[in-house]
Amino acid sequence: ISYKERTKKLRIHDLKTGTTPASMKQLYIYAALFCMEYAIDPHAIDIELRIYQMDDIHIPNHFL
């Protein structure tokens with residue numbers, strides 16, 4: 001997890017080592033908890049979520 005106040009960018013990247021397809025839900029929860037903990041409006045920042053698994057990168061094209 002990385003947050004840069006100057007650019008208003010939250011990055012959450014997660015490495016999954018198993019073969020079961022990963023769910024993006026966990027990263028949505030991490031982003032929500034980060035915003036709640038630091039009183040940041042999630043609509044006022046840029047959020048980048050990524051899952052790295054089995055030589056592939058999963059990036060959601062929208063948020064729930």
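User: How are residues numbered, and which confidence limits apply?
Analyst: Residues are numbered from 1 along each chain as its sequence is written. In this predicted model, local features need pLDDT of at least 70 and side-chain atom pairs count only at pLDDT 80 or more, while totals for chains, interfaces and linings use all residues; side-chain values use heavy atoms, with hydrogens and water left out.

User: How many aromatic pairs does the structure hold?
Analyst: The structure holds 2 aromatic pairs.

User: Why is the pair of Tyr3 and Phe34 called tilted?
Analyst: Rings of Phe, Tyr and Trp (its six-membered ring) pair if their centres lie within 6.5 Å; planes under 30 degrees apart count as stacked, over 60 as edge-to-face and the rest as tilted. The ring centres of Tyr3 and Phe34 are 5.4 Å apart and their planes stand at 50°, so the pair is tilted. This pair links distant parts of the chain, Tyr3 in strand S1 and Phe34 in helix H1, 31 residues apart.

User: What makes Phe34 buried?
Analyst: Buried means under 20% relative accessible area, exposed over 50%, and partly exposed in between (1.4 Å probe, protein chains only). Phe34 has a relative accessible area of 13%, and is therefore buried.

User: Why does Tyr3 count as partly exposed?
Analyst: Its relative accessibility is 22%, so Tyr3 counts as partly exposed.

User: What makes Tyr38 exposed?
Analyst: Tyr38 has a relative accessible area of 55%, and is therefore exposed.

User: Which residues do ring pairs link into a cluster?
Analyst: The cluster consists of Tyr3, Phe34 and Tyr38.

Methods: Helices (H or I, at least four residues) and strands (E, at least two) are DSSP runs, numbered from the N terminus.
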